[in-house]
Amino acid sequence: LRQQRIKHGAINLFSVERSFVLDPDGHPVAIEQSSGDVAHELIEECMLLANRCISQWLAEQGSNQVFRVHGEPDEDRLEFLTRVLGLYGITGIDVFDRFGLQQVLDRLAQEPPAARLVLNFLCLRCFQKAVYAVRNIGHFALAFSHYVHFTSPIRRYPDLIIHRLVKRALGLADYQDCEERLPHLDAFARQCSFLEQRAERAERDLQAMKAARYLSDRIGETFAGVVTGAGPHGIFVQLMEPGLDGMVPVRDLGDDYFAFDPDRQALIGSRSGQVYGIGLECDVLVVAVDVARAEVTLTLA
């Protein structure tokens, strides 16, 4: 199943999940990292197959659906990714082609941890968010022409909608009045997409607060980091070992005037020519933490 998806151009991004170990008072005392093992991958492939088959079957029955769709990557961000890849010596690959993106991701597995983190992050930024919709544009990352969420009806409302549509298509008596009109399904799809994204934002906010609280006990400590972004006010650095983020304000970058270059996504010193941009590895010191705002301030060590 995995090989068939890859053969058709599926994009599998590298990811590491981090979770906080909490003490009895809810204070984070450690960070655990985990990545999917073969058992999780097996379950995932079976779920993907079920979702795809159900969508194809509903299409054969002539039924309307609430699809899970994923559009093509943003071209401007792909162009920027190409430039950054060139800085790492990865050239001659057409990232505007899905099979080219596959080659890039395969290559990243051979890169050092900092480079892999940055380049994988930039790849992820190129992609649009997957959403629910009644108009089927396919799922780019999975390389599926038909795809729905079906396997989790007890925790996701879109899956429950699909279960009802399947029972209606099967002719079950209690489901012949199931809502199938496109305007109504479209309203469901838009609301489910909105609520999903709101939940994701809430989760990110909570993770950021836990990260700030964890680092509040480590003020004065030095960590190896890598720059993941820049803006007019400073550079954003991810700490390699804990995988947490902070910002080095522009005032701490040195005795120079640093201007933000949006094309390079970097701060550049007007006198020194020093460039602080994506991919730069640096040691940073934790100098201040605002837990309520989930803000971590760093400085170059």
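**The chain as a whole**

The model is predicted. Its chain has 301 residues, of which 39% count as buried. The secondary structure comes to 7 helices and 12 strands, and the C-alpha trace spans about 75 × 55 × 35 Å along its principal axes. If you take the contacts with a separation of 6 or more, 60% of them join residues 24 or more positions apart.

**Two helix pairs**

Two packed helices are described by the angle between their axes and the distance between the axes. Here are those values for two pairs in the chain.

| Helix pair | Angle between axes | Distance between axes |
|---|---|---|
| α4 (residues 98-108) and α5 (residues 113-126) | about 160 degrees | 10 Å |
| α2 (residues 38-60) and α6 (residues 157-169) | about 45 degrees | 11 Å |

Let us begin with α4 and α5, which pack at an angle of about 160 degrees. That angle makes α4 roughly antiparallel to α5. The crossing of α4 and α5 is left-handed. On the α4 side the contact is made by Val 104, Leu 105 and Leu 108, and on the α5 side by Arg 116, Leu 119, Asn 120 and Cys 123. By type, the residues of this contact divide into 5 nonpolar, 1 polar and 1 charged.

Now for α2 and α6, whose axes meet at about 45 degrees. These two helices are therefore oblique to each other. The crossing of α2 and α6 is left-handed. Here α2 contributes Ile 54, Trp 57 and Leu 58, while α6 brings Ile 162, Leu 165, Val 166 and Ala 169. The contact of α2 with α6 holds 7 nonpolar residues, no polar and no charged.

With its 14 residues, α5 reaches 20 Å from its first C-alpha to its last, close to the 20 Å expected at 1.5 Å a residue. Which residues of α5 are buried? They are Ala 114, Ala 115, Leu 117, Val 118, Leu 119, Asn 120, Leu 122, Cys 123 and Cys 126. The packing partners of these buried residues are α3 (75-87), α4, β5 (222-231), β6 (234-239) and β11 (281-290).

Helix α7 (residues 182-216) has 35 residues, and its span of 51 Å from first C-alpha to last is close to the 51 Å expected at 1.5 Å a residue. Its buried residues include Leu 185, Ala 189, Cys 192 and Ser 193, and also Lys 210, Ala 211, Ala 212, Tyr 214 and Leu 215.

**Two single residues**

Where does Asp 94 lie? You will find Asp 94 in the loop between α3 and α4. Its relative accessible area is 47%, so Asp 94 is partly exposed. Leaving aside neighbours within four places in sequence, Asp 94 is in contact with Gly 100 and Leu 101. Asp 94 and Leu 42 are 52 residues apart along the chain, and their C-alpha atoms are separated by 30 Å.

Ser 19, in turn, lies in strand β1 (residues 17-22). Ser 19 counts as partly exposed because its relative accessibility is 35%. With neighbours within four places in sequence left aside, Ser 19 is in contact with Ala 30, Ile 31 and Glu 32. The C-alpha atoms of Ser 19 and Ile 154 are separated by 24 Å, the two residues being 135 residues apart along the chain.

Methods. Residues are numbered from 1 along each chain as its sequence is written. This is a predicted model: local features need pLDDT of at least 70, side-chain atom pairs count only at pLDDT 80 or more; totals for chains, interfaces and linings use all residues. Side-chain values use heavy atoms; hydrogens and water are left out. Axes are lines fitted to C-alpha atoms, for helices over the stretch in contact, and angles run from 0 to 180 degrees between N-to-C directions. Helices (H or I, at least four residues) and strands (E, at least two) are DSSP runs, numbered from the N terminus. Angles under 35 degrees count as roughly parallel, over 145 as roughly antiparallel, 65 to 115 as roughly perpendicular and the rest as oblique. A crossing is left-handed if the near helix is turned anticlockwise from the far one by less than a right angle, and right-handed if clockwise. Contact means heavy atoms within 4.5 Å. Ala, Val, Leu, Ile, Met, Phe, Trp, Tyr, Cys and Pro count as nonpolar, Asp, Glu, Lys and Arg as charged, and the others, Gly among them, as polar. The expected span of a helix is 1.5 Å times one less than its number of residues. Buried means under 20% relative accessible area, exposed over 50%, partly exposed in between (1.4 Å probe, protein chains only).
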